[in-house]
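The exercises below are meant to be worked with the sequence and the model open side by side. Try each task before reading its solution.

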Amino acid sequence: MGGRLVPFERAREQRFIDGLDRYLKDQHARLKDVFDTFDRDRVGALNRSDVSTMIRALLPDATAGDVQYILTLLDIDSDGEVSFTEFLGAVLKILTDYVSSRGVSLAQAFDEFDSAHTGFLTHNGLIAMLRKLIPNLSNAELKHMAHHLRQMDADGDGRVTLAE
């Protein structure tokens with residue numbers, strides 16, 4: 001498969017993102033709010049039961065296979081729990097894969113908005129890139145996603161590189 005998802009797996013991921021999107025809009029919530037809602041014991045990580053509850057809230061018709069697949073997708077380090085960093089990383093990866101499956105490469109979009117060829121994007125550059133990649137987002141959603149992308153600034157210099 002060369003790292004590509006088969007259509008059935010992509011459909012599961014897309015259903016998860018669609019459910020998450022509906023939940024965010026219905027609850028007027030941010031990704032961190034969603035994570036905190038399902039972190040019932042407030043330890044900063046979702047255990048298997050928390051993730052299952054979250055998936056069933058987002059996708060009421062989810063099968064046991066869907067729950068297991070999404071849990072595996074979210075639990076990046078396979079420790080049986082999903083940290084917020086893992087949750088955010090998995091959601092952003094799914095969105096990136098979705099965008100690239102639509103014919104827009106993240107690297108192309110990054111380069112387009114890094115017009116000075118500095119190798120990084122500022123806050124305004126991130127907003128412009130997100131606006132192109134996901135055109136139906138509201139201004140609040142764009143700012144929220146840019147905020148989360150800035151959290152991925154590994155070296156803390158206030159700029160986001162493509163590698164980050």
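**Exercise 1.** What does the accessible surface of the protein chain come to, and which percentage of it belongs to carbon and sulfur atoms?

*Solution.* The model is a predicted one, in which local features need pLDDT of at least 70 and side-chain atom pairs count only at pLDDT 80 or more, whereas totals for chains, interfaces and linings use all residues. Residues are numbered from 1 along each chain as its sequence is written, and side-chain values use heavy atoms, with hydrogens and water left out. With the Shrake-Rupley method and a 1.4 Å probe, the accessible surface of the protein chain is about 9100 Å², and 54% of that area belongs to carbon and sulfur atoms.

**Exercise 2.** Which residues of helix α3 are buried, and why do they line one face?

*Solution.* Take helices as DSSP runs of H or I with at least four residues, numbered from the N terminus, and buried as under 20% relative accessible area, with a 1.4 Å probe and protein chains only. In α3, which covers residues 48–58, the buried residues are Asp50, Val51, Met54, Ile55 and Leu58. Viewed down the axis of α3, these buried residues fall within an arc of 130 degrees (taken from the directions from the helix axis to the C-beta atoms), so they line one face of the helix.

**Exercise 3.** Is threonine 85 buried or exposed?

*Solution.* Threonine 85 is found in helix α5, residues 84–101. Because its relative accessibility is 64%, threonine 85 counts as exposed, the cut-off being over 50%.

How values were computed. Helices (H or I, at least four residues) and strands (E, at least two) are DSSP runs, numbered from the N terminus.
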